[in-house]
Amino acid sequence: MGKKILRVGIVGGGIIGTSTSPLYNTDKSKVTDVLRRDPEKAKKLGEELNAKFHSAPTFSSKELKSMLKKKFDLTVLAMIPGVQKKVAIECAEQDKPLYVEKMFMRNEQEAQEVVQAFKSKGIPLFVAHFCRCMPQIQYVKQLIDSNSIGNIKNIQMYVKIIFLRGIKI
């Protein structure tokens with residue numbers, strides 16, 4: 001009896017998604033499907049990963065459902081936060097385990113809704129926190145832990161998020 005290969009479907013791409021996608025093609029896992037808004041980028045990533053590619057300019061429910069009916073075991077969501085919730089809920093409704101890359105939803109309410117959707121169906125939901133491993137983050141953590149910059153009481157961050165114009169959600 002052969003070993004089971006984890007079949008992965010990727011929704012989105014962008015900088016993080018395209019840089020980490022090859023990591024899913026191993027001796028134990030294989031990217032089988034890629035869904036992106038831009039048809040050329042979908043085709044390029046699909047060809048690079050030797051996977052079927054699909055294009056969904058607006059990520060409508062029809063387009064998502066069509067891809068999610070494909071035979072894969074795990075969906076990787078690598079998209080801007082503005083459309084994550086819609087796609088995540090659709091994955092839960094289609095009984096697809098989900099691995100969310102980068103920021104998890106836009107706010108606590110969206111996060112709770114997504115968690116509840118997966119919890120109520122007993123479907124696995126995973127969230128990547130890759131930033132914790134970045135050298136810059138490790139350095140700042142070391143400074144804080146060593147108390148070399150004093151006793152930290154508050155941290156304010158500025159995060160620049162670029163929203164693409166013309167995306168219909």
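**Reading the sheet**

Tutor: The chain holds an open sheet of six strands in the order 3-2-1-4-5-6, with parallel pairing, where strands (E, at least two residues) and helices (H or I, at least four residues) are DSSP runs numbered from the N terminus, and two strands pair if DSSP finds at least two bridges between them. The edge strands are strand 3 (52-55) and strand 6 (125-127), each pairing on one side only. This is a predicted model, in which local features need pLDDT of at least 70, side-chain atom pairs count only at pLDDT 80 or more, and totals for chains, interfaces and linings use all residues. Residues are numbered from 1 along each chain as its sequence is written, and side-chain values use heavy atoms, with hydrogens and water left out.

Student: How many bridges join strand 2 to strand 3?

Tutor: Strands of a sheet pair through backbone hydrogen bonds, either parallel or antiparallel. Here strand 2 (residues 29-36) runs parallel to strand 3, and four bridges join them; Leu 35 stands opposite His 54 in strand 3.

Student: What pattern does the chain follow along the sequence?

Tutor: Read in that direction, the pattern is β-α-β-α-β-α-β-α-β-α-β-α, with six helices and six strands in the chain.

Student: Which residue has its charged end over the ring of Phe 72?

Tutor: A charge sits over a ring if NZ of Lys or CZ of Arg is within 6 Å of the ring centre and within 35 degrees of the ring normal. In this model the residue is Lys 96, whose charged end lies 4.2 Å from the centre of the Phe 72 ring.
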